[in-house]
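Work through the exercises below with the structure in view. Try each task before you read its solution.

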Amino acid sequence: MFRSPGVRPGGAPPVTRGDAHGIQIRDVWLNRGPTPLFCGLSLDLTEPRIGLVGPNGSGKSTLLRLLNGLMAADRGDITVAGLNARTHRRDLPTRVGFVFQNVDHQILFPTVREELTFGLVEQGRSRAEAREEAERLLALHGCGDWGDRAVDALSEGQKQLVCILAAIAPGPPILVMDEPLASLDLATRLALAARLARLPHQIIMASHDLDLLATFDRVIWLDAGRIVGDGSPGEVLPLYRAHEMARAAAQDTLS
Ligand SMILES: Nc1ncnc2c1ncn2[C@@H]1O[C@H](COP(=O)(O)OP(=O)(O)O)[C@@H](O)[C@H]1O
Ligand SMILES: [Mg+2]
């Protein structure tokens, strides 16, 4: 059944990269505007595939943004693959790659190569090294001839793949993804999900795609910044689904 936050579900091995193990969230407090959202949140995130579910406004995006340094907690500590997210914010891209739902919020450059090399140059690689690494990554993922392509000319699915490759280019062991497949059609979603399944990275993903999350090792259910459920998909998802169906029925009655 449900576990108290921070305990791993049985079966899934922890992610191990060097001496760094996943993400530790310790007593995190955060207000959004005047309203408290997280009040003493603590979690150990070590399983290879962790899903975040919850209704709109429950705090999924905010939590993910705390993990990649886009936001800082008011109080408390977050350690990401051995790095303190507050004090080592600049180095976080080498520990955690971030993928947004909307590719237009992520893509900055006109060509695929520029998009991929940017993060590498930011991390101190020479342009030649960055270009070589970008080409290696593209070839590894079956897109060897994409370097010169204009990002605007790519399909939505191809753009999202570029975003994923840009996030993993600096070599982080962890990928944090905020509803990355939500705007894609079913076939594209399935194809990208299959690619994600093959990645060696630890993935922490907010999603409303319960079929995809059913394949994960652990699902965390957030509501108003609180953890309502935390366990295997088989434990959490049926309860979440039933809860949301009841909510939908109540909304229908009101309309
Ligand atoms: N820029 C913002 N300023 C103030 N409050 C915000 C902002 N963005 C989100 N919030 C609030 O923070 C809470 C969590 O939002 P969010 O993390 O986006 O949830 P989710 O991703 O689960 O939909 C919500 O109550 C939302 O209204
Ligand atoms: Mg969100």
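**Exercise 1.** In this predicted model, which handedness does the crossing of helix 2 and helix 4 have?

Solution. Look at how helix 2 and helix 4 cross: the crossing is right-handed. Next, take the angle. Helix 2 (residues 112-122) and helix 4 pack at about 25°. Their axes are 8 Å apart. Angles under 35 degrees count as roughly parallel, so helix 2 is roughly parallel to helix 4.

**Exercise 2.** Find which residues of helix 2 and helix 4 meet, then sort them by class.

Solution. Start with helix 2: Val112, Glu115, Leu116 and Gly119 take part. They meet Val162, Leu165 and Ala166 in helix 4. Now sort by class. The contact has five nonpolar, one polar and one charged residues.

**Exercise 3.** State the strand order of the open sheet of six strands, and name its edge strands.

Solution. The order is 6-7-8-3-9-10, and the pairing is mixed. At the edges lie strand 6 (96-99) and strand 10 (226-231), each of which pairs on one side only. From one strand to the next, the twist averages 15°. Helix 4 (residues 156-168) packs on this sheet and touches strand 6 and strand 7. The direction of helix 4 makes about 160° with that of strand 6.

**Exercise 4.** How many bridges join strand 7 to strand 8, and do these strands run parallel or antiparallel?

Solution. Locate strand 7 at residues 174-178 and strand 8 at residues 202-206. Five bridges join them, and the two strands run parallel. Finish with one position: Ile174 stands opposite Gln202 in strand 8.

Terms used: Residues are numbered from 1 along each chain as its sequence is written. Chains are lettered from A and ligands numbered from 1 in the order in which they are written. This is a predicted model: local features need pLDDT of at least 70, side-chain atom pairs count only at pLDDT 80 or more; totals for chains, interfaces and linings use all residues. Two strands pair if DSSP finds at least two bridges between them. Helices (H or I, at least four residues) and strands (E, at least two) are DSSP runs, numbered from the N terminus. Axes are lines fitted to C-alpha atoms, for helices over the stretch in contact, and angles run from 0 to 180 degrees between N-to-C directions. Two residues are in contact if their C-beta atoms, placed from the backbone, lie within 7 Å. Angles under 35 degrees count as roughly parallel, over 145 as roughly antiparallel, 65 to 115 as roughly perpendicular and the rest as oblique. A crossing is left-handed if the near helix is turned anticlockwise from the far one by less than a right angle, and right-handed if clockwise. Ala, Val, Leu, Ile, Met, Phe, Trp, Tyr, Cys and Pro count as nonpolar, Asp, Glu, Lys and Arg as charged, and the others, Gly among them, as polar.
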